[in-house]
Amino acid sequence: ATPLLSVQNLSVQFCLNSGQTLQALSEVSFTVNSGETLGIVGESGCGKSTLARSLLQLVSPAHGRIEWQGMPLPTGNTAALRDYRRAVQCIFQDPLDALDPRMTVGDCIQEPMSALRAEWGKAEIRTRVDELLRAVGLESAMRERYPHEFSGGQCQRIGIARALAVKPQLIVCDEPVSALDVSIRGQVVRLLADLQREHGLTLLFISHDLGVVRELCNRVLVLYLGRVVEIADTASLYATPQHPYTRLLLQAMPLPDPQQEKARLAQIEIGVGELPSPLNPPAGCAFHPRCPQAQAVCREQVPALRQVSDHRQVACHFTLAQA
Ligand code: SF4
Ligand code: MG
């Protein structure tokens with residue numbers, strides 16, 4: 001079957017005022033299948049948000065291709081572009097970014113429907129706002145109030161209602177729970193999981209929280225300094241991470257049990273170093289300065305992303321293909 005979304009060799013660069021070039025994404029390739037939840041993980045600055053923004057056509061790639069249902073992303077002021085804008089919605093880290101403070105909650109949710117669902121009548125849209133508020137666990141009376149009257153968790157629920165409003169197929173979620181209190185995060189993640197199942201949605205879930213990603217995602221893509229280093233199904237990735245960077249990320253994951261957490265901290269490799277600047281990425285495998293397995297070749301040659309088993313791709317010179 002044709003994937004819902006296909007990204008091929010996507011590279012994005014930004015020219016800074018200083019005259020330097022920031023290579024935000026390099027040769028990124030992956031597909032998203034209809035109905036799945038794909039996690040995108042990596043440290044901040046690794047290109048996660050740039051990837052989200054490329055899919056939303058907020059930045060234009062230096063080269064590479066993005067295909068939606070087998071066709072290049074539409075451009076211009078065309079019907080195809082309106083269809084795409086309806087089909088792909090987003091949820092951001094700070095829900096207030098998506099909500100106009102001068103609009104009531106009802107208007108915030110209604111706005112994308114008026115813009116993108118011209119075929120829906122006023123009464124229909126009004127009913128739908130009530131349904132959406134209830135679907136995200138809020139009361140329909142809240143439609144008359146303003147975003148600032150709500151907590152962070154409630155605002156994110158409103159943001160989710162707004163994203164769902166036009167009946168999208170794909171929702172790009174960029175760190176949707178990172179700004180929320182830990183106590184609220186689980187509720188919002190469960191809400192997303194329930195909505196995903198009920199509406200047959202496809203989710204692209206960007207996060208640096210590997211615990212949340214394990215809970216929600218079917219597959220996971222790991223980014224390091226703008227490159228894909230590993231893609232695998234969630235169970236295999238967490239059980240047997242293959243790329244040295246994925247292993248490092250998983251080692252850095254805190255454990256819920258305090259005794260285990262103490263043991264983990266005692267074992268963690270010291271001196272793995274900081275993320276290098278994306279303005280001046282290391283040659284060869286960009287991970288080599290931090291990699292415990294690095295060899296001479298790693299400083300010279302960029303490892304290609306290779307299929308190592310049915311459900312896994314890894315970009316490391318020393319990962320062997322498995323039967
Ligand atoms: Fe480490 Fe070399 Fe593999 Fe890069 S290619 S992850 S430096 S072993
Ligand atoms: Mg980001």
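Predicted model: local features only at pLDDT ≥ 70, side-chain atom pairs only at ≥ 80, totals over all residues.

**Working through the model**

Mentor: Residues 5–250 are 40% helix and 26% strand, and their end C-alpha atoms sit 27 Å apart. Helices (H or I, at least four residues) and strands (E, at least two) are DSSP runs, numbered from the N terminus.

Trainee: What does UniProt list for residues 5–250?
Mentor: An unreviewed entry gives "domain: ABC transporter" there. Positions follow the numbering used here, feature names are shortened, and annotations may be inferred rather than shown by experiment.

Trainee: How many helices and strands in the protein chain?
Mentor: 11 helices and 12 strands. The radius of gyration is 21 Å, close to the 20 Å from the globule rule for 323 residues, so the chain is as compact as a globular protein of that length. That radius is taken over C-alpha atoms, and the rule is 2.2 Å times the number of residues to the power 0.38.

Trainee: And what share of the 323 residues is buried?
Mentor: 37%. Buried takes 20 or more other C-beta atoms within 10 Å of the residue's own, exposed 12 or fewer, partly exposed in between, with C-beta atoms placed from the backbone.

Trainee: Switching to helix 4. What do its buried residues pack against?
Mentor: Helix 5 (122–135) and helix 6 (152–164). Contact means C-beta atoms, placed from the backbone, within 7 Å. Among the buried residues of helix 4 (residues 105–116) are Val-105, Ile-109 and Met-113.

Trainee: Which residues are closest to ligand 1?
Mentor: Cys-285, His-288, Cys-291, Cys-298 and Cys-316, out of 13 that surround ligand 1. Each counts if its C-beta atom, placed from the backbone, lies within 6 Å.

Trainee: Which residue other than glycine has phi near 50°?
Mentor: Glu-27, a positive value. Glu-27 lies in strand 2 (residues 21–32). Why is Glu-27 called partly exposed? Because it has 17 C-beta neighbours inside 10 Å.

Trainee: And where does Gln-57 lie?
Mentor: In the loop between helix 1 (48–55) and strand 4 (63–68). Phi of Gln-57 is near 60°, also positive.

Technical notes:
Residues numbered from 1 in each chain as written. Chains lettered and ligands numbered in written order. Contact = placed C-beta atoms within 7 Å.
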